[in-house]
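Please look through the sequence and the structure below before reading on. The briefing then takes up confidence, the nonpolar core and the aromatic pairs, in that order.

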Amino acid sequence: MSLSSWNIDPAHSTVLFIARHMVVARVHGRFERVSGTLRVDPQAPMQGEVDVQVEAASIYTGSPERDAHLRSPEFLDVEAAPYLTFRASQAHAVGTTSFQLLGELTMRKVTRPVLLEVRHLATTKDPWGQPRLLYSARTSLQRSEFGIQWNRALDNGGWLVGEKVDVELDIQATPAKG
């Protein structure tokens with residue numbers, strides 16, 4: 001297997017999340033700045049290494065007040081921990097285009113193992129002839145495992161913010177230059 005380096009294309013990659021609010025509603029958000037590298041063999045795109053970095057302050061939910069709270073020490077604590085990182089080098093095929101990627105996610109200076117369910121969507125060329133690798137991935141996190149404890153009890157039962165956070169990634173990567 002011959003690994004080559006690929007850079008995540010930040011203009012065409014997204015990191016999305018969904019969390020419960022007031023038990024039944026869902027809040028959708030994204031991180032607007034993502035970067036990183038993949039070391040992968042384009043002929044075997046379901047094996048390799050991943051190193052992703054997300055700027056925590058780039059969180060966006062459509063509500064400036066909520067976004068400021070999510071950046072605060074009660075949630076992401078972006079001043080003390082400006083990046084979320086994911087590093088992985090263990091992949092296990094679960095189909096012809098699907099695999100599980102086991103890695104370590106660091107958020108708020110807490111590192112935990114995370115398993116991503118990944119699909120290799122394509123190895124292709126863009127309209128300008130540039131090679132691209134395309135992936136989608138999903139996982140669910142328990143926010144308290146990363147030290148995010150803030151919450152408020154609701155009068156009718158339940159909590160203001162759900163414990164589980166669903167994460168979806170769509171990644172496009174281009175060959176590293178040099």
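The term pLDDT stands for the predictor's confidence in each residue, on a scale from 0 to 100. This is a predicted model, and the mean pLDDT of the protein is 92, with 99% of its residues reaching 70 or more.

**Confidence along the chain**
- Confidence is lowest in strand β5 (residues 44–55), where the mean is 89, and highest in strand β6 (residues 59–60), where it is 98.

**The nonpolar core**
- The largest nonpolar core has 45 residues, and among those with the most contacts inside it are F31, L76, F86, L101, M107, L116 and Y135.
- Strand β11 (residues 161–175) gives the most to this core, contributing six residues.
- Leaving aside residues up to four places away in sequence, L116 touches F86, F99, Q100, L101, A137, R138, T139 and L169.

**Aromatic pairs**
- The count of aromatic pairs comes to three.
- In one of them, the ring centres of F75 and W150 are 5.5 Å apart and the planes stand at 50°, so the pair is tilted.
- F75 lies in the loop between α1 (64–71) and β7 (83–93), while W150 lies in the loop between β10 (131–142) and β11, so this pair ties together parts that are 75 residues apart in sequence.
- Both F75 and W150 are buried.
- The rings of F99 and Y135 have centres 6.2 Å apart and planes at 85°, so that pair is edge-to-face.
- Because F99 belongs to strand β8 (residues 98–107) and Y135 to strand β10, the pair ties together parts that are 36 residues apart in sequence.
- F99 counts as buried at 5% relative accessibility, and Y135 counts as buried at 10%.

Note on methods
Residues numbered from 1 in each chain as written. Predicted model: local features only at pLDDT ≥ 70, side-chain atom pairs only at ≥ 80, totals over all residues. Heavy atoms only, no water. Core = buried A, V, L, I, M, F, W, Y, C linked by side-chain atoms within 4.5 Å. Buried < 20%, exposed > 50% of the residue type's maximum accessible area, 1.4 Å probe, protein only. Helix = DSSP H or I, 4+ residues; strand = E, 2+ residues; numbered from the N terminus. Contact = heavy atoms within 4.5 Å. Phe/Tyr/Trp six-rings, centres within 6.5 Å; stacked < 30°, edge-to-face > 60°.
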